[in-house]
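Student: Could we go through this model together, one question at a time?
Tutor: Gladly; let us look at it first.

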Amino acid sequence: MRNAKLFAGTSHLALAQRVATHLGAELAPVSLRRYTNRETTADLGCSVRDKDVYILQSGSMTTNDHLMEALIMVSAARLASARKVTVVMPYFPYSKQSKKKKRRGAISGKLVAGMLGVAGADHVITMDLHASQMSGFFTVPVDNLFSEPTLARWLAEHVVKEAGAGHVAVVAKNAGGAKRVTALADRLGTGFALIHTDNAPSTRPFSRTPSTVALHTLPQTPRGPGMFATAVSAAMPPGSPLRASIEQAESDEGSGSGSDPALDVRTIVDGGSKGRGRGRGKKGPKGSKGPKDKRGRAEGPQRAAFYVSPLAAAQEQPPTPEALELGAVAFCDAGTPGVEISEVLNQSDSDDDDGLDASRLLEMVNTPADESGPSDVQHNAEALAQAAVGILEQRTHRALSLGRRPAAVPVETPSPSPSSSSAAAAAMADAPLMQRITSGTHLQSDPPVRPPVAVTSWHKKRTARITLVGDVHDKVVLLLDDMIDHPSSFLTAAEHLMVHCGARAVCIVAAHGLFSGSSLGEIEICPYVQSVIVTNSFPIPDELTTASSKLIQIDIAPVLAEAIRRNHNGESISYLFDRNPY
Amino acid sequence: MSSNSIRILAGNSHPALAKLIAKRLGTDLANVTVSKYSNQETAVTIGESVRDEDVYIIQSGCGEINDHLMELLIMINACKTASARRITAVLPCFPYARQDKKDKSRAPISAKLVANMLTVAGADHVITMDLHASQIQGFFDRPVDNLYGEPSVLRYIKENVPDWKNAIIVSPDAGGAKRATSIADHLDLDFALIHKERKKANEVSRMVLVGDVKDKVAILVDDMADTCGTLGLAAKTLVDNGACAVYAIVIHGVLSGKALDVINNSVLTRVVVTNTIPHAEKKKICPKLDTIDVSAVLAEAIRRTHNGESVSYLFGHATI
């Protein structure tokens, strides 16, 4: 591009590199450093006078640092007489805070928009804003791109084609996502359904749809949350220094982040354009590179340490096959045979558009005798995180030592063929032990009698009714939302769909995959989710993507690159809203 | 300081609602003349002093919407220059609220423009009701109180829909699903969803009902009804699917164009709207129309704002 410079912040260099490749341009040199007091400074390494400057910075797990970095780069470009400064933010930070929750909330999304304007941005390019109304928060033009065409194409080629349009349903896990879901369903030509979690204190039994019928006809099956919680106690003693390692890593990180971006580039999926869309298949060999990869990780950004340190802890006491077996058995035993359903809802998602607020929550919380207090809840969440990480690491470790990449089989078949469960079971035979056992639980038609096990919940437990409006019986379900962070509400929904509604398989689909903490680990050990499909708009560390057998990332760099190119050449962007640029 | 009191001013958009609000607050409407010059320019005369007063200007977005908006802006500005202490624009129905995003290429975000205009004119505070999208609050740099008609709707259903325990709440489009589920939750009822399927660009859209309405009283819930085309079709879909009666409850009843004909000829049992928009005349033509009075909510919000009390109480409770 003539007279244009593309700069990348440190949040998502892999994506920036791919965008640059698509544009046939180089990333312009910039030095981003931290002073010892953690203040950020930017030094643009080339002249931008009278140039169009594009600054690519996504949200990340260190949102504030990266936001500040972007603002400083914008300001630097503005002061260096750039003709036009365009900020490209594939994931717009604070976009979930787009409205006043019922009372006295801040609209932080608007604040960020204002900050970008004040810093000197002339134009903003972003993707899948949580609410499209947010483009009104800006004083400058905003191009809100959509990942839907890209995701839809992949889904059409891989899921809908295999299962047939009549056997796929797009499902929203809350009423707020209904519009998104109907749009995708229309595009794919499939059916759709809606999950509603009714938080009101209930006077009736649980369900009120055909799923009630399904529940009574289905055999009792182990329930996800309980399983996880028991797996926690079986797999790993609480108290391993997880938190400390994060903080340690964060303090270590300050000095390391000042390197030249060009040196630090790591591609998320695979360099070749072949791997685009089905990056999954390419990731395995990377993971098996082993030691070299690990070393690079240890000195990488701080989230690397999050993953490395539990592994180090695990290596002190190497996991024996017996221990693994034990964990798996605990997994199976942890069913809750109760008839009454008390669902687990996670609070982290209640900031979604569920319209919950603290006081309503209090009213709604139904406290049974075994309800754990808030501190216990917190503790459980942490323990679960540790367990999930631990199990993941054990699996990875074992798989590596056996010389094969983790859980290859379910990856290669993101949606099952329409054939019966026997074929699925045959496929399972190749899968690692854990996978086989956990998947097997809902294939059994007559489960063994289990002793009652108290359910320890993820966060808060309250009686809630999950209702499915629509039909997913014998269908592959695409559980769609605009972003996924903590997956518990997805997992609860997936469980409901699989266990009570007769879905054939559940794939989570989201534009932005944030996956903070142990999210990917939780998805990994959840037997009800077959795969999770997101774009690479948000940086996910390599060690997480390689450790997860269910994660599929779709590359959206072409969309961003095309938007930048069109912007630069003064062409219409709206072409991209419902078409793929390549 | 004791002289600092509420002054209620009203434009020409909805004098009936303004009178109701003033009556509830135990005060009179301030003496204001809003008229037009012969060249159609709006002229405003504030007939009494508003110096150091807490001024509330009630103007809904309806009818001659641009004229009414201009009236409001000029009244705000007139009060500003007349040294009012604080000016609150009370917009029961926010004008241009549906143009809140770039839903098409090159579409304007007119709601943001209106927000800027109100700010520039001198409004210090905005009170409105059931914004089409709550993100519009973020278009303002001033505080915005977005009131909810939902508590009033809930009460209406409980008091006026016979056999409401056998009802099902239906959203006529996917975007309104959240509103419907919220009401369904509060009433402990089921809910269903109607989706207008667009298979191809020029094909006649088909309505798909998701959920079971057989032998139930269907209550359609939406935030705004304009030409009522969707409502009419949705009602037909519901009856075709076995609903025994169909109510429609809508916060802002714009009811423009052929809306009244559509309602009269539809299978709708009753169409209930709030009085954020005047429809006294329409009621004479359309006997199916019914009204929920929300003046109490607005009056209470004004009173609480004036006294510095919390407004959030009103979000969950219907005032009497």
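Tutor: Two residues are in contact if their C-beta atoms, placed from the backbone, lie within 7 Å. Helices (H or I, at least four residues) and strands (E, at least two) are DSSP runs, numbered from the N terminus. This is a predicted model, in which local features need pLDDT of at least 70 and side-chain atom pairs count only at pLDDT 80 or more, while totals for chains, interfaces and linings use all residues. Residues are numbered from 1 along each chain as its sequence is written, and chains are lettered from A and ligands numbered from 1 in the order in which they are written.

Student: What pLDDT does chain B average?
Tutor: pLDDT is the predictor's confidence in each residue, from 0 to 100. In chain B, 96% of the residues score at least 70. The average for chain B is 90.

Student: Which residues of helix 6 of chain B are buried?
Tutor: A residue is buried if 20 or more other C-beta atoms lie within 10 Å of its own, exposed if 12 or fewer, and partly exposed in between; C-beta atoms are placed from the backbone. The cover over the buried residues of this helix includes strand 8 (167-171), strand 9 (190-197), strand 10 (206-210), strand 11 (217-225), strand 12 (245-253) and helix 7 (259-265) of chain B. The buried residues are B:Leu231, B:Gly232, B:Ala234, B:Ala235, B:Thr237 and B:Leu238.

Student: How far apart are the end C-alpha atoms of helix 21 of chain A?
Tutor: The expected span of a helix is 1.5 Å times one less than its number of residues. Helix 21 (residues 557-569) of chain A has 13 residues, so it should span 18 Å. The model agrees, with the end C-alpha atoms at 18 Å.

Student: Which residue just after helix 21 of chain A takes a positive phi?
Tutor: The buried residues of helix 21 of chain A pack against helix 1 (13-23), strand 4, strand 5 (84-89), strand 6 (123-127), strand 7 (142-145) and helix 4 (148-163) of chain A. Just after the helix, phi is about 70° at one residue. That residue is A:Gly570.

Student: Is A:Lys51 buried or exposed?
Tutor: A:Lys51 sits in the loop between strand 3 (40-44) and strand 4 (52-56) of chain A. Beyond its neighbours within four places in sequence, A:Lys51 contacts A:Asn3, A:Ala4, A:Lys5, A:Ala82 and A:Arg83. Because 21 other C-beta atoms lie within 10 Å, A:Lys51 is buried.

Student: How far apart in space are A:Lys51 and A:Lys84?
Tutor: In sequence they are 33 residues apart. From C-alpha to C-alpha, the distance between A:Lys51 and A:Lys84 is 6.9 Å.

Student: Which residue of strand 16 of chain A is the bridge partner of A:Ile533?
Tutor: Two strands pair if DSSP finds at least two bridges between them. Strand 15 (residues 531-535) and strand 16 of chain A pair in the parallel sense over four bridges. In strand 16 of chain A, the partner of A:Ile533 is A:Ile552.

Student: How many residues does chain B bring to the contact with chain A?
Tutor: Chain A brings 36 residues to the contact. On that side of chain A, helix 3 (108-119), helix 5 (178-188) and strand 9 (191-198) each supply at least two residues. For chain B, the number is 34 residues.
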